[in-house]
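Please open the model and keep the sequence beside it. The points below can be checked one by one.

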Amino acid sequence: MLYYLFEYFDKTLDVPGTGVFQYITFRSALAFMLSLLLSTIYGKRVINFLRRQQVGETVRELGLAGQNEKAGTPTMGGLIIIFATLVPVLLFARLHNIYIVLLIVTTLWMGTIGFVDDYIKIFKKDKQGLKGIFKVIGQVGLGIIVGAVLYFNPAVTVRTDTGRTDIFKTAGNTTVVLPAPIEEKSTATTIPFVKNNEFDYAEVLSFMGDGYEKWAWLIFIPVVIFIITAVSNGANLTDGIDGLAAGTSAISVLALGIFTFVSGNIIFSNYLNIMYIPNSGEMTVFISAFVGSLIGFLWYNSYPASVFMGDTGSLTIGGIIAVLAIAVRKEILIVLFCGIFLAESASVIIQVTYFKYTKKRFGEGRRIFLMSPLHHHYQKKGYHESKIVTRFWIVAVMLAILSIITLKLR
């Protein structure tokens, strides 16, 4: 909203200095600072409100050290993350940008699913929460919306270079000539570590003959559904000990922020020889607000946690990360910058699959991990949860750096 106000001041009233709001970097910095302040200052008020409403965590007996002390800790803290993200976005982002609209819808959509789940657990005293089938329906519904918008909306395009030289930038006596961008609809994505690293989902249907491109949505939308479902569930599984999900998510989103900024900037994308995605740079404002809210939330969620994010936060985080990665055409890199989510999910899948297999074959179920998800395995081995979280953060940083290196390492 403030963006449009200052745009009016700049272009209509010609007020000096107001043009600074046209810069994504400036608005991103403001969004980060405001979200950080909101999550730290007003976060305490939200926690006190949740405590008065007796919105406390019910802890299942899993035999983990320090587990019983967590009983009664306020949950639904994801409300802090959602509030501290959306307020700066509404103030500083260009709200008519299709990517910003999609991210706002994702935040509210996944936040609602998580809130309903937490509400059933707390107030209906049902430890299972929202039935799994309804969660999946919600995730699939969001995937259909996101996939359809990214595929059909005319504002979602990528650049194709043609060798023409229609763009000139002059600095002093130096003239820089850049390839002219031709914006077109595309379902192309980026494959890391290889040259000529673009893969078009439409190519899967090339066997259909001429005109197969118009059916690319049959591949693209299911891929979007799968990614949103997988990443949101991965974030949900990672939210098991104090500070783990919020910290690793902040690191992943920071890496995504770099991809978003360079992909939405024609100069940087041309220099790095990566796909230029017009208007995607605006997502940097959302990412800055999101990172600020996650860091601010860590003020209260670090060990010993004063609040848990609950499914309200974890499902929202996973949904946002998935949509950001898809929008910036870096969804294949999710296995890197969301490596912690992947490891947590894989540990559960491996544990359940192996248990069922051995029970069927030997009559007794056996386990590979002492407990899943993975962070509980290390708790069972006697590691303090602060050490586990710190080491997972370090791994997340290394994975994030590795993913960023793919910009040049091919």
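1. Start with Lys121. This residue is partly exposed, with a relative accessible area of 28%. That value falls between the two cut-offs, because buried means under 20% and exposed means over 50%. Bear in mind that this is a predicted model.

2. Which residue forms a salt bridge with Lys121 at 3.3 Å? One such partner is Asp117, and the 3.3 Å is the distance between the closest N and O atoms. Both residues sit in helix 4, which covers residues 98–123. They are four residues apart, or about one turn of the helix. Is Asp117 buried or exposed? Asp117 is buried, because its relative accessible area is 0%.

3. Lys121 also forms a salt bridge with Asp311. Here the closest N and O atoms are 3.7 Å apart. Asp311 belongs to helix 10 (residues 310–327) and Lys121 to helix 4, so this pair ties together parts that lie 190 residues apart in sequence. Asp311 is buried, with a relative accessible area of 5%.

4. Now follow Asp311 to Lys135. Their side chains meet in a salt bridge, at 3.1 Å from N to O. Lys135 lies in helix 5 and Asp311 in helix 10, so the pair links parts 176 residues apart in sequence. Lys135 has 15% relative accessibility and counts as buried, because the cut-off for buried is under 20%.

5. Through shared partners, salt bridges join Asp117, Lys121, Lys135 and Asp311 into one network. How many salt bridges does a search of the whole structure find? The search finds six.

6. Helix 5 comes up again at a pocket. The second largest pocket has a volume of about 590 Å³. Its lining is made by 30 residues, and the closest to the pocket centre are Val158, Ser186, Ala188, Glu198 and Met275.

7. Which elements each supply at least two residues of this lining? They are helix 5 (132–152), strand 1 (158–161), strand 5 (188–190), strand 6 (198–200) and helix 8 (266–272). Strand 1 gives the largest share, four residues. By class, the lining of the second largest pocket holds 10 nonpolar, nine polar and 11 charged residues.

8. Next, look at Phe193, in the loop between strand 5 and strand 6. Phe193 has a positive phi of about 70°, although it is not a glycine. Why is that worth a second look? Most residues other than glycine have a negative phi. Phe193 is partly exposed, with 36% relative accessibility.

9. Phe193 also belongs to a nonpolar surface patch of about 530 Å². Leu402 is found in helix 14, which covers residues 385–405. Is Leu402 buried or partly exposed? Leu402 is partly exposed, because its relative accessible area of 31% lies between the cut-offs of 20% and 50%.

10. Asp14 is another residue with a positive phi that is not a glycine. Its phi is about 55°. Where is Asp14 found? Asp14 is in the loop between helix 1 (2–11) and helix 2 (24–52). Asp14 is exposed, because its relative accessible area is 58% and the cut-off is over 50%.

11. Finally, check the backbone at two prolines. Most peptide bonds are trans. The bond from Tyr303 to Pro304 is cis, with omega near -10°. Pro304 has its place in the loop between helix 9 (283–301) and helix 10. The bond from Ser372 to Pro373 is cis too, with omega near 0°. Pro373 is in the loop between helix 12 (339–362) and helix 13 (374–380).

Methods
Residues are numbered from 1 along each chain as its sequence is written. This is a predicted model: local features need pLDDT of at least 70, side-chain atom pairs count only at pLDDT 80 or more; totals for chains, interfaces and linings use all residues. Side-chain values use heavy atoms; hydrogens and water are left out. Patches are made of residues with over 30% relative accessible area and no salt bridge: like charges are joined within 9 Å, nonpolar side chains (Val, Leu, Ile, Met, Phe, Trp, Tyr) within 5 Å. Accessible areas come from the Shrake-Rupley method with a 1.4 Å probe; for residues, only the protein chains shown count as cover. A salt bridge is a side-chain nitrogen of Lys or Arg within 4 Å of a carboxyl oxygen of Asp or Glu. Buried means under 20% relative accessible area, exposed over 50%, partly exposed in between (1.4 Å probe, protein chains only). On a 1 Å grid over the protein atoms alone, a cavity is a set of points where a 1.4 Å probe fits but cannot get out, and a pocket is an open set with protein on both sides within 12 Å along at least five of seven lines; lining residues have an atom within 4 Å of a point. Grid points are joined across faces, edges and corners, and a volume is the space filled by probe spheres set on the points. Ala, Val, Leu, Ile, Met, Phe, Trp, Tyr, Cys and Pro count as nonpolar, Asp, Glu, Lys and Arg as charged, and the others, Gly among them, as polar.
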